[in-house]
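Here is a short report on helix packing, chain contacts and domain layout. Please view the sequence and structure first.

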Amino acid sequence: MRRFSWFNATSLTLGFTFLYLPMLILIVYSFNGGRNVAIWAGFSTKWYGELFRDKAFLDAAWVTLRVGLMSSTLATILGTMAAYVIVRGGRFKGRTVMSGMLYAPIVMPEVITGLSLLLLFIAIGLDRGLVTIVLAHTTFTMCFVSVVVSSRLVTFDQSLEEAALDLGCTPWDAFKSVTLPIIAPAVISGWLLAFTLSLDDLVLASFVSGPSSTTLPIKIFSAVRLGVSPKINALSTIMIAIVAFGVITASLINKRSVTKRLRDEQEAAAS
Amino acid sequence: MAQPSKTPVVFAPWEDETQKPIIQFKNVTKRFGNFTAIDNLSLDIFEREFFALLGPSGCGKTTIMRMLAGFETATEGTILLGGKDISPVPPNKRPVNMMFQSYALFPHLSVWDNIAFGLRRSSMPKDEIGARVDEMLRLTRMEKFAKRKPHQISGGQRQRVALARSLAKAPKLLLLDEPLGALDKKLRHDTQFELMDIQEKTGTTFVIVTHDQEEAMTVASRVAVMDHGKLIQVATPAAIYETPNSVYVADFIGEVNLIEGNAKKAGGDKYEVSWAEGQAALRGSCPREIADGTRVTYAIRPEKVAISADKPKDAANAIQGTVHDIAYLGNISTYHVMLPTGQVIKAQESNTRRLANRHFTWEDKVWLSFTDTAGVILTE
């Protein structure tokens, strides 16, 4: 073990303070009893109660949740399909160009993606609302799912699929009963990533949302412009909790499957 | 067990003209882009054969296997299985199963479920599947590990599960792609005999791909030596070893001394090969007719070369040289004897005596001798 040094302790403290102090202040002040966000007036959970009585916020939360579930599911299906074809499709014409194009939206400025989607929806006469947000988020998160899934597919032994075919599977059956169970952790973490991205997207949603469908980030953003209310603090704390829960769960699932496999292999070697 | 027939039955369907081959390659060519993996190849494989495809990596042996399994299609020519063209049949509809080099066991399924995988996709009733899986587990002695996952068993056990899984559907033809490559030497030897046992018990036709010549010689009824997408020689292991048809085959299988020279007829199938100034010509045989003066290679296996201190009296061939090196391998010793021409000839002796009683040592003058039937004269 390395000896504990003051330099290490200082850098660690500074780094974590820089990252987490703003969030910590936000969480602490969400339990503030007073109306003013900057003056502490005793512990209280009343702003949480207020929040759950505010219909506008609840509606926005409901829209966000539905958009997140639908777009991340759609993005997972499409992203997995795209990754499968790019990795497994063999050498077809234009493969390199296509795989490059698949990942380009990751680095594309969101403003441009949002604007182009808006123009598309206007051109085809699609009314802005829940559907357009779902479509926009699917477009944007699909490539993230593709990246995660294709990195798993690359390390996946292709002879497993050939063995399934050899044993009488149709190509679809082989995918369903061999490939999918093995790449499932990557698909799930792709889904979680897509869901999180959809949950906190502001730019795309503000381009393609309609008056009837306001997502939570839009709602928070517009509310803050009128002045920060302790209610926003409470809402943000809940969102931090949800995201933290998701991330921690995902990493725990991943870590447990790895350690379990290691332990199983050691047992096998010992027996 | 008493055999009713008087003559011992030798398994050699390839010599019987009434036998129909189970697999026929007819002028098959396979190209990947500009690269020709299989070059106009024709080959018959018979039922119940244990057929080995042997060659260095990249010689096309795996491509042949993948074409039989249905993962590759021939660019030209036809492949017949039981008399029918199999090119339009997808892999899942072929009565062929394959054991993969990486074993390709499904990591998310138990040993039992791995073996049942193919049966569940066949028309077999559910209660028979259980019996069949148990039978396969018994055959491969894996009953105790049925509930384990593939990563919970050892490499040798994985190999047996892979074999059980590929045999479960009772295929007409079983393909084995370097099946023992991942096992250590001792386990590999044991498993080779197990494979032969299982092949005999099930009566399945086996086609094995290997780059290990010893393995091919041990298990196979016939061996096909390949190079650059072509078959060089297809024969029994003994024929491949004793009468190779080319320098390539002689050199690829086992150890061999190769001496180049000019052939001259010496009556019957005997020839004399003059190979160096002032040295007696080497006598050997060749089943083919060779014109006088043809450039040939005289091939002689080290174990057929005797080594002695004095010139043997009636040896057909005798050459003098000095011991240059001795490789002691325990059961045998290989003497590297340098001839006056500078060429080194290997001679192998069984160590029937203890090391202390050995006759020859470094720099000794010795005589090498061999009969006129021991060596083969190769024209290619």
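A crossing is called left-handed if the near helix is turned anticlockwise from the far one by less than a right angle, and right-handed if clockwise. Helices (H or I, at least four residues) and strands (E, at least two) are DSSP runs, numbered from the N terminus.

The model is predicted: local features need pLDDT of at least 70, side-chain atom pairs count only at pLDDT 80 or more, and totals for chains, interfaces and linings use all residues. Residues are numbered from 1 along each chain as its sequence is written, while chains are lettered from A and ligands numbered from 1 in the order in which they are written.

**Chain A overall**

Chain A has eleven helices and zero strands. Its C-alpha trace spans about 70 × 65 × 35 Å along the principal axes. The radius of gyration of chain A is 23 Å, whereas a compact globule of 271 residues would have one near 18 Å. That radius is taken over C-alpha atoms, and the globule rule is 2.2 Å times the number of residues to the power 0.38.

**Two helix pairs**

Two packed helices are described by the angle between their axes and the distance between the axes. Axes are lines fitted to C-alpha atoms, for helices over the stretch in contact; angles run from 0 to 180 degrees between N-to-C directions.

| Pair | Angle | Axis distance |
|---|---|---|
| α4(A) and α6(A) | roughly 120° | within 8 Å |
| α7(A) and α8(A) | about 125° | 9 Å |

Angles under 35 degrees count as roughly parallel, over 145 as roughly antiparallel, 65 to 115 as roughly perpendicular and the rest as oblique. The angle of α7(A) to α8(A) therefore makes that pair oblique. α4(A) and α6(A) are likewise oblique to each other.

The crossing of α4(A) and α6(A) is left-handed. Here A:L102, A:Y103, A:P105 and A:I106 of α4(A) meet residues of α6(A), including A:F140, A:C143 and A:F144. Contact means that C-beta atoms, placed from the backbone, lie within 7 Å. Ala, Val, Leu, Ile, Met, Phe, Trp, Tyr, Cys and Pro count as nonpolar, Asp, Glu, Lys and Arg as charged, and the others, Gly among them, as polar.

α7(A) crosses α8(A) in a right-handed way. From α7(A) come A:L160, A:E161, A:A164 and A:L165; their partners in α8(A) include A:P171, A:A174 and A:V178. The residues of this contact are six nonpolar, two polar and one charged.

**Contact between the chains**

How many residues of chain A are in contact with chain B? There are 19, against 21 residues of chain B. On the side of chain A, α7 (159-166), α8 (171-199) and α11 (230-270) each give two or more residues. The largest share, six residues, comes from α7(A). This side of chain A has nine nonpolar, three polar and seven charged residues.

**Domains of chain B**

Chain B splits into domain 1 (13-247) and domain 2 (255-378). These bounds come from an automatic or database domain assignment. The C-alpha centres of the two domains of chain B lie 39 Å apart. Four residues from domain 1 and five residues from domain 2 make the contact. On the side of domain 1 there are two nonpolar, two polar and no charged residues.

Definitions and conventions
Contact = placed C-beta atoms within 7 Å.
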